[in-house]
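Please look through the sequence and the model below before reading on. The paragraphs that follow go from charged pairs to helices, strands and the surface.

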Amino acid sequence: MIPTKLQKLEKELQYKGYKLTKQRKIVIEVLLEKEKEHLSAEEIFDLANKKDSNIGLATIYRTLELFEKLRILDKVNFLKDNTALYDLREKKNQHFHTHLICDKCGN
């Protein structure tokens, strides 16, 4: 049986001494469901809150901070409006795409 991305991330957390709590699992599920997009913490919160209305924004921020520290996801800060966007790493310790912002229109 080929392990799913969720199972691989769970093993990675366990290897690093962390458990896959219900809240962490929800955050990973949201990121996997939207893996082609870059999401803000607030967007992740909105999507996670649909799965479990008891999950709080502070929990989302703590989980994202932990996942960034463990190099499970990447945080990209955009200078224009100081927005931070998150996405899962494709492969362990690698992140190979760039983000460009137009100086004129901001897109």
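**Salt bridges and the parts they join**

A search of the whole structure finds 5 salt bridges, a salt bridge being a side-chain nitrogen of Lys or Arg within 4 Å of a carboxyl oxygen of Asp or Glu. Side chains of opposite charge can pair when their charged atoms come close. This is a predicted model, in which local features need pLDDT of at least 70 and side-chain atom pairs count only at pLDDT 80 or more, while totals for chains, interfaces and linings use all residues. Residues are numbered from 1 along each chain as its sequence is written, and side-chain values use heavy atoms, with hydrogens and water left out.

One of the salt bridges is between Glu35 and Lys5, with the closest N and O atoms 2.7 Å apart. Glu35 lies in the loop between α2 (22-33) and β1, and Lys5 lies in helix α1 (residues 5-15), so this pair ties together parts that are 30 residues apart in sequence. Helices (H or I, at least four residues) and strands (E, at least two) are DSSP runs, numbered from the N terminus. Are these two residues buried, exposed or in between? Glu35 is partly exposed, with a relative accessible area of 32%, and Lys5 is partly exposed as well, at 44%. Here buried means under 20% relative accessible area, exposed means over 50%, and partly exposed is in between (1.4 Å probe, protein chains only).

Which residue forms a salt bridge with Glu29? The partner is Lys51, and the closest N and O atoms are 3.9 Å apart. This pair links distant parts of the chain, since Lys51 is in helix α3 and Glu29 in helix α2, 22 residues apart. Lys51 also forms a salt bridge with Glu33, where the closest N and O atoms are 2.8 Å apart. Glu33 lies in helix α2 and Lys51 in helix α3, so the pair ties together parts that are 18 residues apart in sequence. Through shared partners, Glu29, Glu33 and Lys51 are joined into one network of salt bridges. Lys51, at 38%, counts as partly exposed, and so does Glu29, at 22%.

**Helices and strands**

Now take the whole fold. The protein has 4 helices and 3 strands, and from the N terminus on its elements run α-α-β-α-α-β-β. Strand β1 (residues 39-40) and β3 run antiparallel and are joined by 2 bridges; two strands pair if DSSP finds at least two bridges between them. Ser40 has Leu85 in β3 as its bridge partner. Why is strand β3 (residues 83-88) described as largely enclosed by the rest of the structure? The reason is that 5 of its 6 residues are buried. In the protein, buried residues make up 33% of the 107 residues.

**Toward the surface**

Helix α4 (residues 57-69) contains Arg62. Arg62 is exposed, with a relative accessible area of 54%. Between Arg62 and Arg24 there are 38 residues of separation in sequence and 9.7 Å in space, C-alpha to C-alpha.

Asp46 lies in helix α3 (residues 41-51) and counts as partly exposed because its relative accessibility is 45%.
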